[in-house]
Amino acid sequence: MTVFKLLLTMLAASAIVVGNTSAATPDPTITQSGQAQWSWPLSPKPSVLRTFDPPDKPWLSGHRGVDLGPTPDGATVTAPSDGVVTFVGVVVDRPVLTIDHGNSLKSSFEPVASELKSGDAVRKGQFIGTLEPGHCSSATCLHWGVRRGEDYVNPLGFVSDIRPSVLLPLK
């Protein structure tokens with residue numbers, strides 16, 4: 001019976017390791033030292049007022065980004081990574097700016113007023129606009145969303161290591 005339990009434990013452990021290989025796949029936004037390659041779009045590092053809460057289906061309600069702040073009206077918003085501006089305009093009465101960072105990654109910021117135009121190149125840390133009121137009801141905040149292709153992803157994964165901790169058995 002002990003050999004059977006040992007064999008069963010080994011099989012279960014190998015299934016866990018094999019099943020979690022995607023978790024061990026390096027994220028292109030995290031360096032080998034675990035440091036994020038992107039920077040926060042607000043400085044100093046803001047509080048997260050509302051977390052990423054993607055919907056189960058694309059058409060359902062959810063929160064497809066994070067709300068950062070609170071900040072004063074007119075706060076400086078900076079590019080979190082190099083890219084090219086692909087949209088500057090108004091969406092549902094709010095000014096929005098979108099940057100294409102390459103590798104199918106796009107980030108959007110609202111409500112942000114900007115003098116930039118579609119096609120303008122931006123560098124990490126560069127001023128891209130000023131924060132306006134209108135997104136959070138109780139305070140001025142920045143809504144920051146990131147898409148990989150058509151899928152929304154958690155922007156916090158680009159500025160901090162949010163990978164889950166994996167505990168392994170000692171023996």
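The chain has two helices and eleven strands, where helices (H or I, at least four residues) and strands (E, at least two) are DSSP runs, numbered from the N terminus. Along the sequence the pattern reads α-α-β-β-β-β-β-β-β-β-β-β-β. The model is predicted: local features need pLDDT of at least 70, side-chain atom pairs count only at pLDDT 80 or more, and totals for chains, interfaces and linings use all residues. Residues are numbered from 1 along each chain as its sequence is written, and side-chain values use heavy atoms, with hydrogens and water left out.

Of the 171 residues of the chain, 33% count as buried. Buried means under 20% relative accessible area, exposed means over 50%, and partly exposed lies in between (1.4 Å probe, protein chains only). A contact requires heavy atoms within 4.5 Å. Among contacts between residues at least 6 apart in sequence, 58% join residues at least 24 apart.

**Salt bridges**

Side chains of opposite charge can pair when their charged atoms come close. A salt bridge is defined here as a side-chain nitrogen of Lys or Arg within 4 Å of a carboxyl oxygen of Asp or Glu. The whole structure contains two salt bridges, listed in the table.

| Salt bridge | N to O distance |
|---|---|
| R123 and D82 | 3.1 Å |
| E110 and R94 | 2.5 Å |

In the salt bridge of R123 with D82, R123 belongs to the loop between β8 (121-122) and β9, and D82 to the loop between β3 and β4, so the pair ties together parts that are 41 residues apart in sequence. R123 is exposed, at 56% relative accessibility, whereas D82 is partly exposed, at 31%.

The salt bridge of E110 and R94 has E110 in strand β6 and R94 in strand β5, so this pair ties together parts that are 16 residues apart in sequence. E110 is buried, with a relative accessible area of 17%, and R94 is partly exposed, at 23%.

D67 lies in strand β2 (residues 66-69).

The side chain of D67 does have a polar contact of 2.9 Å with that of H143. A polar contact is a pair of N or O atoms within 3.5 Å; within protein, one must be able to donate a hydrogen and the other to accept it, and residues adjacent in sequence count only if both atoms are side-chain atoms. Leaving aside neighbours within four places in sequence, D67 is in contact with several residues, including R50, C136, C141 and H143.

Two of these contact residues, C136 and C141, are joined by a disulfide with an S to S distance of 1.8 Å. A disulfide is a pair of cysteine sulfur atoms within 2.5 Å, and by this rule the count comes to one. The torsion about the S-S bond is about 80°, so the disulfide is right-handed. C136 is buried at 18% relative accessibility, and C141 is buried at 1%.

**An open sheet**

An open sheet of three strands has the order β3-β9-β7, with antiparallel pairing. The edges are formed by β3 (76-78) and β7 (112-113), each with a single partner strand, so one side of each is left without a neighbour in the sheet. Two strands pair if DSSP finds at least two bridges between them. Strand β7 pairs with β9 (residues 127-131) over two bridges, and V112 stands opposite L131 in β9.

**Backbone features**

Most residues other than glycine have a negative phi, and most peptide bonds are trans. A cis peptide bond joins S43 and P44, with omega about 0°, and P44 is in the loop between α2 and β1. The bond from E110 to P111 is also cis, with omega near -15°; P111 is in the loop between β6 (105-110) and β7.

V92, in the loop between β4 (83-91) and β5 (94-102), has a positive phi near 50° and is exposed at 67% relative accessibility. N103, in the loop between β5 and β6, has a positive phi of about 50° and is exposed at 71%.
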